[in-house]
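Hi everyone, thanks for having me.

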Amino acid sequence: MGTSRAANAPTTKKWNKVPSALHSPSRNASTIVDAVVSATIPMVPTSSISTPAFYAAYEGVHFISEVRKHGFDKAVERTAIRVSEKYIAPSIAKGVWDVAASKIDPKFVSSPYGRLAEVAFRRTISSIVSKGIKAMEEE
Amino acid sequence: MTTLSDADKNMKEFIEKYGEEGFLKLFITNYLFELVNYFLNTTAKDEKDPSYLMHVNYKGIPYTHEEIDKFNSAIKQECAKLATIIVDKLKTMDALKNFVIEPTPDPRILPLLEEAFQSIVKELR
């Protein structure tokens, strides 16, 4: 209990390019990302990746648009987010994610891709709230 | 520590400079980064174990923390390039505005997002 195990690496022919690229003396991020994406995205049912991303993207854009239209305080109120005074950025990120997650089929929320979408979403909102434009510039 | 007034200022500045499209690009970049890292940290029982190869070079010498951080930054930059392709694809499909104007998520946009994710695979072929 409380331990996690990494998933097994894919065993397809296309995946073989990934360990080769990682092991290369001239290891290159572009080659590695291209190899991972080419080998994995076609292998995973598209809906598993895009469903959590879709609802998260929608709620994120919607929240941003609420802030644009009504200001930050009103947007928080209208989205019914509870903001912790001590942990402002993470609590806003969690609040908006909870709204998104409530609209997603639970099988997608609890899937590995749903969890990755949650991490990515909360990191994105949190970094915008705490860093502003630097969130993008640090990419 | 971020205060409520910092949060207000930071969000307004971000929105003014990058808008809703900027949020989407940043989120998809972070999502692709998580996806790529998830697969790069999978395991195999042989010498092709990606989680081992991520941390040890071709000579069997472990990478330093600095080298790993630099590599992760480079991976993220590559993910940002792919996120731009996805967001551009959504724009050409006229799907982006639906994220902004629809009061509830429009399920008709989901297949367009699926197509946008598939488009990066086609781009890499």
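Okay, start with helix H3 of chain B, residues 65–92, and helix H5 of chain B, residues 110–124: their axes come within 9 Å and cross at roughly 135°. Axes here are lines fitted to C-alpha atoms, for helices over the stretch in contact, and angles run from 0 to 180 degrees between N-to-C directions. The helices themselves are DSSP runs (H or I, at least four residues; strands are E, at least two), numbered from the N terminus. The cut-offs: under 35 degrees is roughly parallel, over 145 roughly antiparallel, 65 to 115 roughly perpendicular, and the rest oblique.

H3(B) passes H5(B) in a right-handed crossing, where right-handed says the near helix is turned clockwise from the far one by less than a right angle, and left-handed says anticlockwise.

Who touches whom? On the H3(B) side we have B:Leu82, B:Ile85, B:Ile86, B:Lys89 and B:Leu90, and they meet B:Leu112, B:Ala116, B:Phe117, B:Ser119, B:Ile120 and B:Glu123 in H5(B). Contact is when two C-beta atoms, placed from the backbone, lie within 7 Å. Sorted by class, those residues are eight nonpolar, one polar and two charged. Nonpolar covers Ala, Val, Leu, Ile, Met, Phe, Trp, Tyr, Cys and Pro; charged covers Asp, Glu, Lys and Arg; the others, Gly among them, are polar.

A word on what you're looking at. This is a predicted model, where local features need pLDDT of at least 70 and side-chain atom pairs count only at pLDDT 80 or more, while totals for chains, interfaces and linings use all residues. Residues are numbered from 1 along each chain as its sequence is written, and chains are lettered from A and ligands numbered from 1 in the order in which they are written. Chain B has a mean pLDDT (the predictor's confidence in each residue, from 0 to 100) of 91, with 99% of its residues at 70 or more. The model's scores are ipTM 0.94 and pTM 0.94.

Now, between the chains. The contact takes 57 residues from chain B and 60 from chain A. Which helix of chain B gives the most to that side? H1(B), with 26 residues. By class, chain B's side has 37 nonpolar, ten polar and ten charged residues.

Two helix pairs to zoom in on. Helix H2 of chain A, residues 29–40, packs against H1(B) at about 85°, with the axes 10 Å apart, so the two are roughly perpendicular. A:Val33, A:Val36 and A:Thr40 make that contact with B:Val36, B:Phe39 and B:Leu40, which comes to five nonpolar, one polar and no charged residues.

H2(A) also packs on H3(B), at about 55° with the axes 9 Å apart, so that pair is oblique. H2(A) passes H3(B) in a right-handed crossing. The residues include A:Ile32 and A:Val37 from H2(A), and B:Phe71 and B:Cys79 from H3(B). Their class count is nine nonpolar, one polar and one charged.

That's my tour, thanks!
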